[in-house]
Amino acid sequence: MNNPIRNNVLLKVRGLRTRFYTYEGEFDAVNGINLDIRKNESVGLVGETGCGKSVTALSILRLIQDPPGKIVSGSIVFEGEDLMTKSLDELREIRGKKIAMIFQKPMSSLNPTFKIGTQMTDIISLHQKIGKKEAWVRAGDLLRSVKIAAPENVVNRYPHELSGGMRQRVIIAIALSSNPDLLIADEPTTALDATIQKQILALIGDLRKEFCFSMLYISHNLRTVYNICEHIYVMYAGNIVEFGNIESVFEHSSHPYFKALMNSLPRFGAKEDVLAEIPGTLHSPMDPPGGCRFHPRCALVLERCKIETPNLCEIGQDHWVACFRAMEVKGYE
Amino acid sequence: MSDLIQVRNLKKHFSLDSGFFSKNTTKVIAVDGVDFSIRQGETLGLVGESGCGKTTIGRLLTRVIASDSGQVIFEGQNILSIPDSKFRDIQKDIQMVFQDPQASLNPRMTIKASIMEPFIVHHIYDKDSIDSEILHLINIVGLNPEHLNRYPKELSGGQQQRVGICKAIALKPKLLILDEPTSSLDVCIQAQILNALKKLQSEMNLTYLFISHDLSVIHYMSDRIAVMYLGQIVEIASIQQLIDDMFHPYTRALFSAVLTFRNEARRFDVVLKGDVPNPMKPPDGCRFHPRCDQRLKICETEMPTLFEVARDHFVRCHLLA
């Protein structure tokens with residue numbers, strides 16, 4: 001479709017549509033999106049709660065629970081093979097091994113009844129055919145590479161004995177244990193304090209150099225995405241509304257939604273009297289407005305926006321926006 | 001401006017019993033000798049990492065939990081020492097908005113019933129005027145009359161938080177304690193709520209204690225900032241003083257942990273090592289010394305006191321004494 005031709009594509013998502021069937025009706029949480037992740041690239045996916053970020057991530061791994069959800073159309077091409085055509089056994093070879101995922105809550109991702117070392121070696125020996133002793137050595141090495149000070153001590157502890165930051169480090173170590181090609185990180189630092197968040201982001205940066213993986217980083221925090229990603233996709237109500245190179249998108253944000261989102265952040269340095277607001281709230285997913293889904297909240301709405309859906313258009317070097325008035329909003333001179 | 005509330009040497013230790021027959025109890029030091037005051041009409045921002053005792057301070061001021069020692073002087077009287085029956089009247093003047101808007105509303109009560117509750121509890125319920133009073137209140141916080149007959153689950157997070165604020169201001173309080181009121185909301189909803197709070201403050205002449213771990217939000221809302229670490233205030237100053245000259249190494253680390261865009265200025269770049277120590281076994285000397293990169297010998301043994309480095313700018317650090 002409208003995506004630019006990009007080399008070295010590791011993951012190519014085309015026309016992904018994930019539908020949920022509920023008692024109140026059916027709706028598309030992800031509404032036919034395209035997304036590319038190149039090798040060794042870190043891609044950010046941002047948007048408000050309920051815009052479909054996490055559903056996109058789960059769809060890529062085909063982890064959408066059926067019922068109520070189902071991927072109704074689209075293709076997910078990973079290293080040249082379409083994951084949609086894979087059997088469950090084939091998927092098991094990919095999940096956790098080639099595509100690893102880390103989740104938001106570090107507590108609920110670890111089993112409280114097993115020691116850290118046991119949980120790590122279980123996963124290591126599942127994906128790599130190595131003996132128990134070797135697996136324990138490998139677990140220690142991994143903990144060392146996520147900068148845990150005393151790995152031999154930590155492997156014998158239970159999850160509740162570790163702090164939130166330590167648990168998230170352990171989860172990152174587990175995710176990287178089989179040298180994945182792609183790491184999907186769903187809000188990995190949201191539950192952490194600012195100083196710990198900074199530690200974890202610095203760690204992820206170092207690990208990317210060491211392990212050379214691509215990353216899909218999902219967050220509603222624009223600042224973290226700016227600091228850790230090279231590409232960004234902005235979602236609103238199941239659609240990608242703006243994407244491109246991180247510098248272009250942040251410097252020249254051109255979709256009225258993303259522009260307003262940027263302006264609504266309290267900033268350091270200049271102390272504003274009033275923050276910019278986006279009026280109203282996200283519509284109910286059951287009855288999305290016609291035309292551009294953002295039009296009821298948009299300050300620049302035209303009659304046309306209420307009927308027609310804008311397509312993604314390239315408005316700058318590697319910078320795509322789905323808005324009829326992007327040329328007026330855009331920050332380019 | 002005069003002080004609306006003064007907090008002096010406030011302490012709260014929670015004890016964890018290890019068993020009915022056991023004599024050893026472990027103490028968690030939540031708030032350990034905190035002093036600050038809030039002037040009439042200003043916003044004091046209280047910032048720190050989770051577990052530093054921010055929320056406990058809010059709860060102590062509203063007497064939701066009892067303090068161990070210290071004084072809280074509100075309009076000339078120590079509200080910690082007066083009996084419960086008399087505290088009722090003062091309670092109207094000190095209200096709180098909580099972090100999780102959904103958990104702070106009763107799911108079985110309509111929004112109207114929720115907003116009416118403070119009037120009933122304080123026996124100032126007037127059948128004739130209550131409807132117009134409620135309409136006036138929801139108008140202030142930006143809700144519509146159609147929301148009144150709904151239940152909390154039918155509202156969005158932002159709308160629920162507006163109801164929480166509406167309940168808190170219903171009795172025209174003097175001090176509003178806002179405990180992370182926007183941390184569970186999306187950024188654009190956060191902007192709506194923060195703007196509404198600022199507008200309210202100037203219209204109703206409210207004084208705010210704004211508790212948050214998000215420095216950019218604190219910076220937007222506050223006139224003065226108090227930085228907490230493990231139950232103690234380590235630095236307190238006006239926002240401009242703090243931006244110009246932050247002294248405490250922890251304040252610097254906290255401010256440099258704020259992620260920035262390229263066009264935003266950053267003065268320090270410190271990545272803190274390690275985690276917050278266990279509050280059951282706080283380190284000797286300065287509580288921050290195990291993570292501090294500028295520590296001296298004295299920091300390991302002696303606890304520094306709050307020291308006035310400039311007018312109304314206090315720092316708890318040996319480097320400055």
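This is a predicted model: local features need pLDDT of at least 70, side-chain atom pairs count only at pLDDT 80 or more; totals for chains, interfaces and linings use all residues.
**Entry 1. Overall build of chain A**

I began with the secondary structure. Chain A has 11 helices and 12 strands. Next I looked up its extent. The C-alpha trace of chain A spans about 70 × 50 × 40 Å along its principal axes.

Does the radius of gyration agree with a compact globule, or disagree? I checked it against the chain length. A compact globule of 333 residues would have a radius of gyration near 20 Å, and chain A has 21 Å, so the two agree.

I then turned to burial. Of the 333 residues in chain A, 44% are buried. Contacts came last. I took those with a separation of 6 or more; in chain A, 65% of them join residues 24 or more positions apart.

I picked β10(A), residues 239-245. This strand is mostly covered, with 6 of its 7 residues buried.

Which strands pair with β10(A)? I found β9(A), residues 231-236, which pairs with β10(A) in the antiparallel sense over 6 bridges. I also found β12(A), residues 319-321, which is antiparallel to β10(A) over 3 bridges.

I followed Phe243(A) across the pairings. Its bridge partner is Tyr233(A). Phe243(A) also stands opposite Trp320(A) in β12(A).

Then I looked at the turn. β9(A) and β10(A) form a hairpin with 2 residues between them. Ala237(A) sits in that turn and has a positive phi of about 50 degrees.

A reminder to myself: most peptide bonds are trans. I went looking for exceptions.

The bond from Asp66(A) to Pro67(A) is cis, with omega near -15 degrees. The bond from Pro67(A) to Pro68(A) is cis as well, with omega near 10 degrees.

Where does Pro67(A) lie? I placed Pro67(A) in the loop between α1 (53-60) and β4 (69-78) of chain A. Pro68(A) is also in the loop between α1 and β4 of chain A.

Most residues other than glycine have a negative phi.

Arg63(B) is not a glycine, yet has a positive phi of about 60 degrees. I located Arg63(B) in the loop between α1 (54-61) and β4 (69-74) of chain B. Is Arg63(B) buried or partly exposed? I read off 17 other C-beta atoms within 10 Å, so Arg63(B) is partly exposed.

Glu75(B) is the other entry. Its phi is positive, about 50 degrees, although Glu75(B) is not a glycine. Glu75(B) lies in the loop between β4 and β5 (77-78) of chain B. Glu75(B) is partly exposed because 13 other C-beta atoms lie within 10 Å.

**Entry 2. Where chain A meets chain B**

I finished at the interface. Here 33 residues of chain A are in contact with 29 residues of chain B.

Which helices of chain A each supply at least two residues to the side that touches chain B? I listed α6 (164-175), α7 (194-211), α8 (222-228) and α10 (256-263). α7(A) gives the most, with 7 residues.

I also sorted the chain A side by residue class. That side divides into 15 nonpolar, 12 polar and 6 charged residues.

Key: Residues are numbered from 1 along each chain as its sequence is written. Chains are lettered from A and ligands numbered from 1 in the order in which they are written. Helices (H or I, at least four residues) and strands (E, at least two) are DSSP runs, numbered from the N terminus. A residue is buried if 20 or more other C-beta atoms lie within 10 Å of its own, exposed if 12 or fewer, and partly exposed in between; C-beta atoms are placed from the backbone. Two strands pair if DSSP finds at least two bridges between them. Two residues are in contact if their C-beta atoms, placed from the backbone, lie within 7 Å. Ala, Val, Leu, Ile, Met, Phe, Trp, Tyr, Cys and Pro count as nonpolar, Asp, Glu, Lys and Arg as charged, and the others, Gly among them, as polar. The radius of gyration is taken over C-alpha atoms; the globule rule is 2.2 Å times the number of residues to the power 0.38.
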